[in-house]
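Let's take a walk through the charged side chains of this one. Have the model open and follow along.

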Amino acid sequence: MEFKIKVHGEINDNLVDNVVDQLRSIYLYNKEMLETYIEPELYESVILNFNSEGGILVGFSQIEREINKLKEQGVKIIGEVDGISYSCSFLLMLLCDEITASKFSSFMYHRGLCALSYDKVDNHIDFLSHQQKILDRMDDFIISRTKITRDQLEKFKTKEWYIDYDEAIELGIIVEPKEPEIPMLTVDECVSSFVNAGYRVKEYEEELAESSELKVE
């Protein structure tokens, strides 16, 4: 089975809670099926459909935890981008095992933002040092999930990096959709399919040997 979750709009507390609840319900359903049935019917994949300008970074860690639990159950996480996937949405998207996108989609990476309150300078230094460690860990995560290099991330350390469809493919962020394979059948398989569909098939052996043509009634 497959389940689809929309990650649309600002990633705020409400959206994070909604996504977490849906992911957790899938995990609990699979867990119950595995504990109850010998041949359980499970959710085998979850599609996360992105069209978001980003939002709170804390949402990333909450959603990541639930996704990792599903991956432990063998659930494949598939990402789809129909519009934009910016900032925190970009990071969430990279949690997916496979990502496809519209050719008109857009992506954006930038380093996290933080605001400083009125406080002692030493406290600010400690806080910024802590935030820097988190940002470095995020960079490691991006590098591990794409073909993006550390030098490229350094280049856009102080500005937004907007990425289009073609560049996203080159950077290993998304994959091109696979063309559906057209099955090739032998003559016997073709005949069998017609018979199974209720047709009577007359084979002209000589003509069939020369042209593989069938007359169907």
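Start with Lys 76 and Glu 98, whose side chains meet in a salt bridge at 3.6 Å, N to O (a salt bridge being a side-chain nitrogen of Lys or Arg within 4 Å of a carboxyl oxygen of Asp or Glu). This pair links distant parts of the chain, with Lys 76 in strand β3 and Glu 98 in strand β4 (residues 98-101), 22 residues apart. Strands here are DSSP E runs of at least two residues and helices are H or I runs of at least four, numbered from the N terminus. Before going on, bear in mind that this is a predicted model: local features need pLDDT of at least 70, side-chain atom pairs count only at pLDDT 80 or more, and totals for chains, interfaces and linings use all residues. Residues are numbered from 1 along each chain as its sequence is written, and side-chain values use heavy atoms, leaving out hydrogens and water.

The structure holds eight salt bridges. Another one joins Lys 4 and Glu 80, with the closest N and O atoms 3.3 Å apart. Lys 4 sits in strand β1 (residues 2-11) and Glu 80 in strand β3 (residues 76-86), so this pair ties together parts that are 76 residues apart in sequence.

Now look at helix α2 (residues 58-72), where Lys 69 and Glu 66 lie three residues apart, about one turn of the helix. They form a salt bridge too, at 3.5 Å between the closest N and O atoms. Is Glu 66 buried or exposed? It's buried, with a relative accessible area of 2% (buried means under 20%, exposed over 50%, partly exposed in between, with a 1.4 Å probe and protein chains only). Lys 69 is partly exposed at 24%.
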